[in-house]
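Hi everyone, thanks for making time today.

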Amino acid sequence: MNKFTIAAALACSLALTGCVNSLSGDTYSRSEARQVQQVQYGVVQSAQPVVIEGTNSVVGAGAGAVVGGVVGSNVGGGKGKTIATVLGAVAGGLAGKSAEESLTQTQGQEVTVRLDNGNIISVVQEVADGPMFRSGDRVRVLTGSGSARVTY
């Protein structure tokens, strides 16, 4: 492999890493800062582990296609080189899409909470470095802007 191929692969890896967003209960996006949220209290009824699927954007497929095309262009000559470049780009695009999805897949938890008002709700959120909830835990449920999170 030449230096350009290695540099392209490294750039693609860094691009995919930058696409990861946290869905945990203790991480806020910039747009969520300073926004009013309703606070309700309750008790965890159950907490089940879940897998939150990864992102599936054009970044992974595009980056993979570039790397695959570069690698394919180093094979053969003439029409064979052109065919290898195209096939490399297609295969790289599919591999990049799959890699992005698996790299951004995260462990989550479905938390079912009986609120103090008697309502029962369920929230799925990323575990990451955040707490693992257990049945009987007293928690706060924060809701606002169409989203909810469970915290202690």
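**A walk through the sheet and its core**

Let's start with the sheet: five strands form an open sheet in the order 3-2-1-4-5, and the pairing is antiparallel. At the edges sit strand 3 and strand 5, each of which pairs on one side only. From one strand to the next, the twist averages 40°.

Before going further, please keep in mind that this is a predicted model. The protein chain has an average pLDDT of 76, and 62% of the residues score at least 70. Over residues 16-20, pLDDT stays under 50, and the model has six contacts beyond four places in sequence for that stretch. Where pLDDT is low, the predicted coordinates should not be read in detail.

Back to the strands. Strand 1, residues 38-52, pairs with strand 2 in the antiparallel sense over 10 bridges. If you'd like one spot to look for, find Val 50: its bridge partner in strand 2 is Gly 108.

Now for the inside. Which residues make up the largest nonpolar core? There are nine in all: Val 44, Val 111, Val 113, Leu 115, Val 123, Phe 133, Val 139, Val 141 and Val 150. Strand 2 gives the most, with three residues. As general background, nonpolar side chains in soluble globular proteins tend to be buried together.

What is Val 123 in contact with, leaving aside its neighbours within four places in sequence? The list is Gln 109, Glu 110 and Val 111, plus Ala 148, Arg 149 and Val 150.

Another core member, Phe 133, brings us to the aromatic rings. Searching the whole structure turns up one aromatic pair. It is made by Phe 133 and Tyr 152, whose ring centres are 4.9 Å apart; their planes are at 40°, so the pair counts as tilted. Phe 133 lies in the loop between strand 3 (120-126) and strand 4, while Tyr 152 is in the segment after strand 5 (147-151), so the pair ties together parts that are 19 residues apart in sequence.

Are these two partners buried or exposed? Phe 133 is buried, because its relative accessible area is 3%, and the cut-off for buried is under 20%. Tyr 152, at 47% relative accessibility, counts as partly exposed.

That's my tour; I'm happy to take questions.

Key: Residues numbered from 1 in each chain as written. Predicted model: local features only at pLDDT ≥ 70, side-chain atom pairs only at ≥ 80, totals over all residues. Heavy atoms only, no water. Core = buried A, V, L, I, M, F, W, Y, C linked by side-chain atoms within 4.5 Å. Buried < 20%, exposed > 50% of the residue type's maximum accessible area, 1.4 Å probe, protein only. Helix = DSSP H or I, 4+ residues; strand = E, 2+ residues; numbered from the N terminus. Contact = heavy atoms within 4.5 Å. Phe/Tyr/Trp six-rings, centres within 6.5 Å; stacked < 30°, edge-to-face > 60°. pLDDT = per-residue confidence, 0-100. Pairing = 2+ DSSP bridges. Axes fitted to C-alpha atoms, helices over the stretch in contact; angles between N-to-C directions.
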